[in-house]
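Good morning, everyone, and thank you for coming. Please look at the model on the screen for a moment before I start, and then we will walk through a few of its parts together.

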Amino acid sequence: MGSAIQSKSKLKTMIIGLDGATFDLILPLIKRGKLPNMQKMMGNGVHGILQSTIPSLSAPAWVAFMTGKNPGHYGTYHFRKININDYDNIYSQDLIDSSMFRGATFFDYLGQLGYRVGVMTVPVTYPPWEVNGFMVSGYPCPDPHENPNFAFPSELSRDLPENLNWTEKESSDAIPKEEMRGARDPQDILNGGLTMMSRRTAYTLKLMEQLDCDVTILVWGAIDRAQHMLWKYHDPGHVLHEPNNRFKTYIERLYCHADALLGDIMTHVGQEAHFFIVSDHGFGPKQGSRFHLNAWLNQQGYLKATLKARLMNNPLTKTLKGAVLKFAAKLDNSGQKKIMKAKQTFNRGTIDFNETLAYRFPIDEQTEGVVINLKGRQPSGIVVEEEFESLRTELIERLGGVQDTINGRRVIRRCFRREELYKGDKAPEAPDIIIVLDEEYFPGAGVAGAVFSPTPQIYLETISGNHRPEGIFMAHGPDISTGKLQENAGIMDVAPTVLYALGEKIPRDIEGKILRSVFSAERLKKAPEFVDRKVDMEFDIAADLSEAEQESMRTKLQDLGYL
Ligand SMILES: [Zn+2]
């Protein structure tokens, strides 16, 4: 392989995003000979685990991928904007969107250097903005039929092929309701995924050619979605798994399809191109017990439950609650959604903030926050500034030692001060402590009751798979080495690594590092160069989303249990 850096128009770079892809599936499939193209890429290139952001959620992770920066810069901690200063409305109804970081991505920078870039359905790129090439916005974005303006140049919006975005229909009649047990129709998830991936790919290749793109990023969301909904069918270790079920291979089929499309792309682009494959996070079974952080804080004397919380915990209320959940299990999707939605507001008024030092800030299914009830910052704050740090240290120490009362297992894998994870203007928006739970636990909302509880099966029926922090990384092409990644790689490292592969200077404000073990010894002789850049954040396209757009985006996120 040549070591010379070729002219911008000759050497193509292709970055494929497989949202949610994990080596736990890829490696066994390769062993069985099912992913020949990834096998080739891994054999002739470099691969390894790519750590997600904390939380390992697509919204913060893809923004970190695009910008090379942590979520503290843009306030992109979640799909929604968060508000630690409020007790009730901790999640804003506003979704995060591209106006929070557009202009600051590595493809904006490459565009300024004269590269033609193509950006296809990268999450959180709605509304689209002007790039030196094309952009089709990714999830979450409104239904394309309701708002056809989700591409740059805007004329593209008019002739976007169907099914490019997240518009799969509700379950068909093909499978009896009782067999679905409240889940979406697996057949629809599979077929929708296969079609969506094929169409996005075909359309990307077409636009790449038309616009002569040098660097193209294409993200497929189908694997993530299928793994959320269909994990129990695939994984013999899942508590709800039934051997020989008819949907057992559906997730695998999506990986195989991704591999076949990768082969098409390689043929199209040619071998002399840079290929990167990344996922924003990994995946695993959703199961285990619930850990009720507020109940622990209450038990340890850091939080005071209200009378309402204590009443909610009495046996009669619990029986009623159980009956409601059983009833909900019998309903179709929309009915279930209503019940679940109602439940979200059920716990309000359960904490007496006048006598609470710290309380839970839910983030995602593996990540929890703790907010200290700081005087002057929180509406009824009682912790004075001078006691903030000692209380935080005490909580971190004690949380790290929390053990499951039933089996003695450690519940919390890692515990961070906010500033250990997040830097930047929006870092103070994050909760004071960030907790990563062991994967055998996920968060519960109990306040006055038990600290641990078994998980009601209904929570595992519809969404049986969960994110894991370990995503994937593969690189292949000129000047790229072979073997395994030698360093701890994180999703912020992709942007500077791609820039180095292209022989470009790295903007100094990027926090990620160049993954040196990706490159051949020959290539590494060229020392990386850094540059100060001015990020121009002036764009024409209106950032304000209408209420209808927001609602359409929220509905899609709710289907995946993200809101
Ligand atoms: Zn996901």
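This is a predicted model: local features need pLDDT of at least 70, side-chain atom pairs count only at pLDDT 80 or more; totals for chains, interfaces and linings use all residues.

Residues are numbered from 1 along each chain as its sequence is written, and side-chain values use heavy atoms, with hydrogens and water left out.

Strand 14 and strand 15, which covers residues 433-437, pair in the antiparallel sense over 5 bridges; strands here are DSSP runs of E with at least two residues, helices are runs of H or I with at least four, and both are numbered from the N terminus. Two strands count as paired if DSSP finds at least two bridges between them. These two strands belong to an open sheet of 4 strands in the order 12-13-15-14, with antiparallel pairing. Strand 12 (358-362) and strand 14 (412-417) stand at the edges with a single partner strand each, so one side of each has no neighbour in the sheet. From one strand to the next, the twist averages 25 degrees.

What lies across this sheet? Helix 14, residues 385-400, lies across strands 12, 13, 14 and 15, and runs at about 170 degrees to strand 14, where angles go from 0 to 180 degrees between N-to-C directions and axes are lines fitted to C-alpha atoms, for helices over the stretch in contact.

Strand 14 also gives the most to the lining of the second largest pocket, with 3 residues. A pocket is an open set of points on a 1 Å grid over the protein atoms alone, where a 1.4 Å probe fits, with protein on both sides within 12 Å along at least five of seven lines, and lining residues have an atom within 4 Å of a point. The lining holds 28 residues, of which Gln51, Ser52, Thr53, Ile54 and Leu421 lie nearest the centre of the pocket.

Finally, helix 7 (residues 186-211) and helix 9 (residues 250-269) pack at an angle of about 10 degrees, with their axes 10 Å apart. That angle makes helix 7 roughly parallel to helix 9, a term used for angles under 35 degrees, whereas over 145 is roughly antiparallel, 65 to 115 roughly perpendicular and the rest oblique.

Conventions: Contact means heavy atoms within 4.5 Å.
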